[in-house]
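Subject: Structure handover

Hello,

Here is the structure I said I would pass on. My notes on what turned up in it follow below.

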Amino acid sequence: MVAAGKIKGMPIPRPFLKWAGGKAQLLSKLLEKMPEEFNAYHEPFMGGAAMFFALYRQGLVKGRQVYLSDANKELVDTFKAVRSRINMLISKLRTHHYDKDYYYEVRSQDPDSMPLYEKAARMIFLNRTGFNGLYRVNSKGKFNVPFGRYKNPTICDEPNLRAVSRALKGVFISSGSFEKVLNRANPGDLVYFDPPYVPVSSTAYFTAYSSTGFGQQDQTRLAQVFSALSGRGVQVMLSNSDTPLVRKLYADFHIQRVLATRLVNSRSDRRGPVYEVIVRNFSRGGNE
């Protein structure tokens, strides 16, 4: 896999948001399991879009239609602003600064009252300076992550943001439930699901990316969508925690166990290596 940096003087786009459950450490394993051929690419839980950027760096989505979507509308709006309002976004982002009182002042602002580029700059600022890069909301849908303590956080990474903007040109970006992928995925397409993981313990993962969370019923609905896509000839791939529930939901498909390091836990002493699974409805590479 190509490392982050530059190719022939051009920055290589990489995720511009820190996101819980980011796929950085699993990308090589996931790329090994990608189908050799596919048509359009769909990522309904885009989060930080680490998989999309990895595919882009490898040239695997060149000439293909890409659909990125997420239930988190603020996240989606941020990606849209990076794609089409990059100059105004960077100018606004440069006005933000790392300070505890200022952080809580910005956090208290209503993003829905802001223009797209200001809303995006707010989210990037909070993401880069909030505790552990978390995105978490309360029951009223208000962002409630506390201030994070860093030595010198990078708030505006202009070279990467501009590289990301170029990579997102022509990409279809939308908000909504993962089930909407059923309306646009066709036979031969590739869908990659990276949902909020099934918790392996009561403290293992934050799942409050929306005010309603993502519980067992949602995981069951997702498995039904996975099966429906498979039945119509769509190539489908999913990442999740290695739990009895996940293995039961996807018992009819290829399940490969992989080792990863999870950094999102309410207790620091319980962060570390854990087993996850890669689920597919197709075979390619490695031991199944």
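Tyr98, Tyr102, Tyr103, Tyr104, Phe125, Phe147 and Tyr150 are linked by ring pairs into a cluster. Please keep in mind that this is a predicted model. In total, the structure contains 18 aromatic pairs. One of them joins two members of the cluster, Tyr103 and Phe147: the ring centres are 5.5 Å apart and the planes stand at 65°. The pair counts as edge-to-face because that angle is over 60 degrees. Tyr103 belongs to helix α5 (residues 100–107), while Phe147 is in the loop between α6 (116–129) and α7 (158–168), so the pair ties together parts that are 44 residues apart in sequence. Both Tyr103 and Phe147 are buried.

Two arginines sit over aromatic rings. Arg257 places its charged end over the ring of Tyr275, at 3.5 Å from the centre. Arg64 lies over the face of Phe38, with 4.1 Å to the ring centre.

Is Gln235 buried or exposed? Its relative accessibility is 17%, so Gln235 counts as buried, the cut-off being under 20%. A polar atom of the Gln235 side chain lies 2.9 Å from the backbone oxygen of Glu37.

Regards

Key:
Residues numbered from 1 in each chain as written. Predicted model: local features only at pLDDT ≥ 70, side-chain atom pairs only at ≥ 80, totals over all residues. Heavy atoms only, no water. Phe/Tyr/Trp six-rings, centres within 6.5 Å; stacked < 30°, edge-to-face > 60°. Helix = DSSP H or I, 4+ residues; strand = E, 2+ residues; numbered from the N terminus. Buried < 20%, exposed > 50% of the residue type's maximum accessible area, 1.4 Å probe, protein only. Lys NZ or Arg CZ within 6 Å of the ring centre and 35° of its normal. Polar contact = N/O pair within 3.5 Å; in protein donor to acceptor, adjacent residues only side chain to side chain.
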